[in-house]
Amino acid sequence: NSVKVVLGFLELALALKFLSVADMTNHWGFLKYELFLGLWILVFMGMTAYLFGFIKFPHDSPLKKLSIPRKAFALASLAFTIYLGTGFLKNEATNSYNALSLMSGLAPPTNYNYFLPSDAVDESIKERYPSFSKCANNIDCFKDYYEALAYAKEVNKPILMDFTGYGCVNCRKTEEHIWVDEGIRNKLNDDIILVSLYVDDDKKLDPVYISKSRNVKLRNVGRKWSDFQIVNFEQNSQPLYVFVTPEEEVISSPRPYKEGIEGYHDFLECGIKSFEMLKRKE
C-alpha cells in the first residue's frame, strides 16, 4: 500500500505538469510558475511526511520501524523538496526566478510568473508589431514570423527562427541552460531578430488556413507554424533554430537541440558572420 501511495503522490505531481502545458497552450494564465512550484513543494512535503510515518492512510499496515529503503526514499524526497524551494530565488541577471535544472520541461518557464513581470518592451515597436514581447530570460522576441521579417528589413539584421513548444522539454533546457549565458543573451538581444514560433499554441485562427502543400486545415496558431516548419525545412521536431536573412535566404544549417553553451555560441557567431559577409557583397 505504501508503494501505491508514493506513486499516487508522483502521479499528482505529473498531472500538474500536464495541466501546466494545457494552461500555456490555451492561454488560461492561472497555473504560473509560483503556483506550480508551490503545489509541487506541497506534494513532495506530503510524500516526505508519509514516508517518515507522520501521515497514515486507512489501508496502511502498522509502522513499527522505518526500513532502510524507506528512510532513503524519505530523505531523497526531503532533499528534493528543499531543492524545489531554491527555485524561488531571484536571478538578478535575467530579472526572473532561478531556473532549476531538474525541473526543465516540467515547470513552466520562469518568465511565466505572477510577481516578477518581464521588463518593459519598446512601445514604439510593440505598437506596430503586436507579437513583439519578452521571451525567456527577458530576451526581446517576436511570436509572428511575418512581423519579425518586416522588422528585420527595417533594421537590416538576421532572423533566428526558434521553432519551439510550450510542452517541449528540450526547448526549456536550451532557454534555461544556454540562453541564460550573458554572451548568448546579448547576441540574441542586440545582433539578431529572434522569433519564437510555438507549434502547440491552441489559439484559434480566424479565418482557418489551408496548407497549400498538404491540403489540410490549419485551425490554430500551432498548426500554422508546424506546417510552416514542415513545408520549409521538412522537419517537425522542436527545438529547431534556423538563421535567415531579411530576404528569407537561409544562411546556416538548421540546428536541432544540442547541449552546451560553447556550441550554441559558435552557431550564433556563424550565422551573424555569414550575414555580415552577405551584406558586404551587396
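Reader: Which strands does helix α8 lie across?
Author: In this predicted model, α8, residues 221–233, lies across β5, β6 and β9. The helix runs at about 115° to β5.

Reader: In what order do those strands sit in the sheet?
Author: The order is β6-β5-β9, in an open sheet of 3 strands with mixed pairing. On average, neighbouring strands of this sheet are turned by 20° against each other, direction ignored.

Reader: Why is one side of β6 and of β9 left without a neighbour in the sheet?
Author: Because β6 (193–198) and β9 (240–244) stand at the edges and have a single partner strand each.

Reader: And how many bridges join β5 to β6?
Author: There are 6 bridges between β5, residues 159–164, and β6, and the two strands run parallel.

Reader: Switching to pockets. How much space lies in the largest one?
Author: About 870 Å³. Its lining has 33 residues, and those nearest the centre are His-27, Ser-133, Lys-143, Tyr-166 and Tyr-198. Elements giving two or more residues to this lining include β6 and α8.

Reader: What kinds of residues are in that lining?
Author: The largest pocket has 13 nonpolar, 7 polar and 13 charged lining residues.

Reader: And the second largest pocket, what gives the most to its lining?
Author: Helix α8, with 5 residues. β7 also supplies at least two. The lining includes Tyr-209, Trp-225 and Phe-228.

Reader: How much space is in there, and how do its lining residues divide?
Author: The second largest pocket holds about 180 Å³ of space. Its lining divides into 7 nonpolar, 2 polar and 3 charged residues.

Note on methods
Residues numbered from 1 in each chain as written. Predicted model: local features only at pLDDT ≥ 70, side-chain atom pairs only at ≥ 80, totals over all residues. Heavy atoms only, no water. Pairing = 2+ DSSP bridges. Helix = DSSP H or I, 4+ residues; strand = E, 2+ residues; numbered from the N terminus. Axes fitted to C-alpha atoms, helices over the stretch in contact; angles between N-to-C directions. Contact = heavy atoms within 4.5 Å. 1 Å grid on protein atoms, 1.4 Å probe; cavity = no way out; pocket = protein on both sides within 12 Å on 5 of 7 lines; lining within 4 Å. Points joined across faces, edges and corners; volume = space filled by probe spheres on them. Nonpolar A, V, L, I, M, F, W, Y, C, P; charged D, E, K, R; others polar.
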